[in-house]
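Please look at the sequence and the structure as they are displayed, and I will then go through some of the features.

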Amino acid sequence: MQGRGYIRSVYPLLFLLLLTSCGVSKSLKDLPDIGQYEAKAPERIHVSDSTFFSEKGYLTKNEYGLWELYIEGNPLELGLTTGSLTQELFHKQEEALLTKVDELVPSNTKQYLLRKFLAWFNRKMYLNIQEEYKTEIYGISKYASDTYAHIADAYPRILYLHGAHDIGHALQDLALVGCSSFAVWGDQTEDGQLIIGRNFDFYAGDDFAEEKIIAFVNPDEGHKFMSVTWGGMIGVVSGMNDQGLTVTINAGKSKFPLVAKTPISLVTREILQYAATIEEAVAIARKREVFVSESIFVGSAKDKKAAVIEVSPKNFGVYEVQNTDQLICSNHFQSAAYTADKKNQRHILESHSQYRYDRMEELLVQTDKTTVQSAVDILRDKQGLNGKEIGYGNEKALNQLLAHHGIVFKPEELLVWVSSNPYQLGEFVAYDLNTVFKTIVNDPQKVTLAEKNLTIPEDPFQYSRAYQNYQEYRRLKNKVVMAITSDGHLEQSLLKELQYHNPEYWEAHYLVGRYQYGRGYYTAALKAFEQALTKEITTVPDKENVIRYIKKIKRRLHL
């Protein structure tokens with residue numbers, strides 16, 4: 001077993017890949033009833049490699065490297081327009097995921113067994129997805145790549161892709177994505193208005209996060225909304241509608257489910273499209289069956305506050321704060337409904353969730369009156385409690401230098417800021433929903449919808465020697481992990497380089513210890529493990545694992 005940093009990066013991707021490439025049936029009989037909708041394959045006008053138009057929408061890449069997508073119409077039109085406009089991004093996303101299958105699961109036998117299991121696991125997912133969303137997915141699937149037709153038909157392949165977050169979470173519960181969210185309002189903010197910040201730390205490889213799409217959706221039914229997404233995805237992980245309602249998701253500790261039901265991103269899509277208040281959001285979440293545990297963080301301009309809806313296969317709770325203008329959420333449940341949940345209690349004690357919660361609380365206390373800039377600063381924070389240096393990439397940090405995106409909402413003004421690459425270090429690009437949809441109608445060929453005067457500048461850290469060292473650490477880490485798993489040979493100088501480039505990160509020393517132990521260099525391994533033990537280790541099980549290695553080595557050396 002490698003360090004958690006390695007597990008974190010591989011397993012969500014592994015099960016995402018298996019889900020999309022191995023776990024779907026060759027066909028799916030339950031197709032949506034598209035006969036009720038009038039729609040035709042849209043003609044796409046190719047203006048340039050970064051700008052496309054059609055009758056019901058357009059796609060363009062702005063100067064910050066973010067793709068801006070606008071779509072309108074009924075569910076079938078939404079799907080067809082999205083598929084047509086984003087097809088290159090859609091194909092790139094599939095390729096980025098599916099080409100890694102053989103690399104991650106080289107055994108044909110293991111692929112076969114997992115394929116059989118996941119086909120069984122997903123057997124009832126389609127019964128738990130709203131007809132309009134199946135229709136939209138069907139429209140997108142018409143533009144799926146033919147390259148993967150041998151794996152599964154396009155529609156079921158894309159349908160099950162929407163459960164990727166859930167199934168990666170369910171099948172490898174150790175690899176919970178470490179999302180962090182907070183909201184402040186009233187006396188806690190400079191102008192008394194609600195501000196929400198969140199990091200979406202779902203990591204499925206660098207290529208996966210490269211082409212972020214900011215989608216602006218104008219459906220025939222429900223509210224207009226924006227969300228941060230990627231090619232082929234209609235679900236919502238972070239978004240806000242034109243009523244000032246925001247939704248984001250944070251994974252919780254789950255029991256292993258027996259069958260896939262409603263993907264959480266489609267529950268949050270429904271909330272964003274049809275709810276205007278916290279009460280309406282709760283009502284929608286309550287009627288949907290999910291198959292993993294998740295915190296749905298909801299902010300509301302109308303309610304002028306935020307709340308957390310905590311859902312799981314067999315429980316449901318709502319957490320709202322009393323006598324305070326601040327709400328924090330990491331990856332454990334806080335409502336009364338989960339007070340006696342032993343899995344949640346153990347997760348609080350053993351994981352990094354409480355640590356990140358405490359760090360957010362600490363930073364908010366240190367901030368006199370929160371502004372959008374200070375919210376961004378919190379999301380970019382790379383240190384531990386009390387400003388401790390804990391190494392770059394540590395899951396105890398709010399900025400783990402792996403996030404798909406960071407985002408800040410100001411719902412009462414319908415303003416949103418989305419991070420640009422890399423991670424949360426690029427500019428936080430501003431959008432104003434008061435004007436976005438009007439601009440599209442009045443000037444559909446405007447170069448960008450971003451509000452340049454409101455955009456938050458990039459983090460200078462990305463130009464620092466420390467950041468360069470971290471990037472080199474990641475490169476070297478891949479070599480060390482490969483050597484550990486394949487019993488390969490490395491020069492001792494490379495191991496020293498690994499530690500040098502990220503000296504405060506426990507994982508750097510742990511991986512060196514693992515390599516030395518595997519080669520039988522027990523004295524060198526003991527030194528590395530003891531050094532790891534002096535650092536801020538991510539979780540209790542990780543620390544216990546390091547201690548076990550130390551004890552084993554001392555027994556071997558009769559120390």
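Helix H13 (residues 372–379) lies across E5, E6, E15, strand E16 (415–419) and E17, and runs at about 155° to E15. This is a predicted model, in which local features need pLDDT of at least 70 and side-chain atom pairs count only at pLDDT 80 or more, while totals for chains, interfaces and linings use all residues. Residues are numbered from 1 along each chain as its sequence is written, and side-chain values use heavy atoms, with hydrogens and water left out.

Helices (H or I, at least four residues) and strands (E, at least two) are DSSP runs, numbered from the N terminus. Angles run from 0 to 180 degrees between N-to-C directions, with axes being lines fitted to C-alpha atoms, for helices over the stretch in contact.

Let me turn to the sheet. In what order do the six strands of the open sheet come? The order is E14-E5-E6-E15-E16-E17, with antiparallel pairing; two strands pair if DSSP finds at least two bridges between them. Strand E14 (326–329) and strand E17 (428–432) are the edge strands, each pairing on one side only. From one strand to the next, the twist averages 10°. Helix H12 (residues 353–366) also packs on this sheet, touching strand E5 (180–184) and E14 (contact means heavy atoms within 4.5 Å), and its direction makes about 150° with that of E14. Within the sheet, strand E6 (residues 195–200) and strand E15 (residues 405–410) run antiparallel and are joined by five bridges, with Gly197 opposite Val408 in E15.

I move on to the hairpins. Strand E1 (residues 45–48) pairs with E2 in the antiparallel sense over three bridges, and a hairpin of two residues joins E1 to E2. His46 has Phe52 in E2 as its bridge partner. E2 and strand E3 (residues 57–61) run antiparallel, joined by four bridges, and Ser54 has Gly57 in E3 as its bridge partner.

Which way do the residues of E2 point? From strand E2 (residues 51–54), Thr51 and Phe53 point one way and Phe52 and Ser54 the other, and all are buried (under 20% relative accessible area, with a 1.4 Å probe and protein chains only). In a regular strand the side chains alternate between the two faces of the sheet.

Terms used:
Buried means under 20% relative accessible area, exposed over 50%, partly exposed in between (1.4 Å probe, protein chains only).
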